[in-house]
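Subject: Structure handover

Hi,

Here is the structure for you to look at. My notes follow below it.

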Amino acid sequence: MKITTMMKIAAAKEQAAAGVDFSPRTGALCPWCEKKSRIYRTLPWEDATRIRYHLCENGKCPLATMRASIKSIEMDK
Ligand SMILES: [Zn+2]
């Protein structure tokens, strides 16, 4: 695997850990493959935000292979 690819994967993994937007329509998309990820943990609302944790289930996605946790943030508008 190319070093640039590895760096891109590391950046996607960082983004997954930092948090992606949660949409009520599409859920949270994997920062690497942009497919809908499966929710495995939903935290209660805290003020106007809700955190969820997801896993990508795309067999070809490196974040799925690493079982990297994807954090999503939903904002009450
Ligand atoms: Zn993915």
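Which strand does β1 (residues 20–21) join, and do the two run parallel or antiparallel? The partner is β4 (residues 69–75), and the two strands run parallel, joined by 2 bridges. Strands count as paired if DSSP finds at least two bridges between them. Val20 sits opposite Ser72 of β4.

Two notes on the source. This is a predicted model: local features need pLDDT of at least 70, side-chain atom pairs count only at pLDDT 80 or more, and totals for chains, interfaces and linings use all residues. Residue numbers start from 1 along each chain as its sequence is written.

Layout

The chain has 2 helices and 4 strands. Both kinds are DSSP runs, numbered from the N terminus: helices are H or I with at least four residues, strands are E with at least two. In sequence order the pattern is α-β-β-β-α-β.

The rest of the strand pairing

β4 also pairs with β3 (residues 49–55), in the antiparallel sense, over 7 bridges. Arg52 stands opposite Ser72 in β4. Thr49 faces Met75 in β4. On to β2 (residues 38–42): 4 bridges join β2 to β3, and these strands run antiparallel. Arg41 has Tyr53 in β3 as its bridge partner. The hairpin of β2 and β3 has 6 residues between the strands. There, Asp47 takes a positive phi near 55°.

Core

The largest nonpolar core has 13 residues. Such a core is a set of buried Ala, Val, Leu, Ile, Met, Phe, Trp, Tyr and Cys residues joined through C-beta atoms within 7 Å. Buried means 20 or more other C-beta atoms within 10 Å of the residue's own, with C-beta atoms placed from the backbone. Ala16, Cys30, Trp32, Cys56, Cys61, Leu63 and Ile70 touch the most other members. α1 (3–18) and α2 (62–65) each supply at least two residues of this core.

Trp32 touches Ile9, Ala12, Cys61, Pro62 and Leu63, leaving out residues up to four places away in sequence. A contact means C-beta atoms, placed from the backbone, within 7 Å.

Whole chain

Of the 77 residues, 25% count as buried. Among contacts between residues at least 6 apart in sequence, 46% join residues at least 24 apart. The C-alpha trace spans about 45 × 20 × 20 Å along its principal axes.

Best wishes

Conventions:
A residue is buried if 20 or more other C-beta atoms lie within 10 Å of its own, exposed if 12 or fewer, and partly exposed in between; C-beta atoms are placed from the backbone. Two residues are in contact if their C-beta atoms, placed from the backbone, lie within 7 Å.
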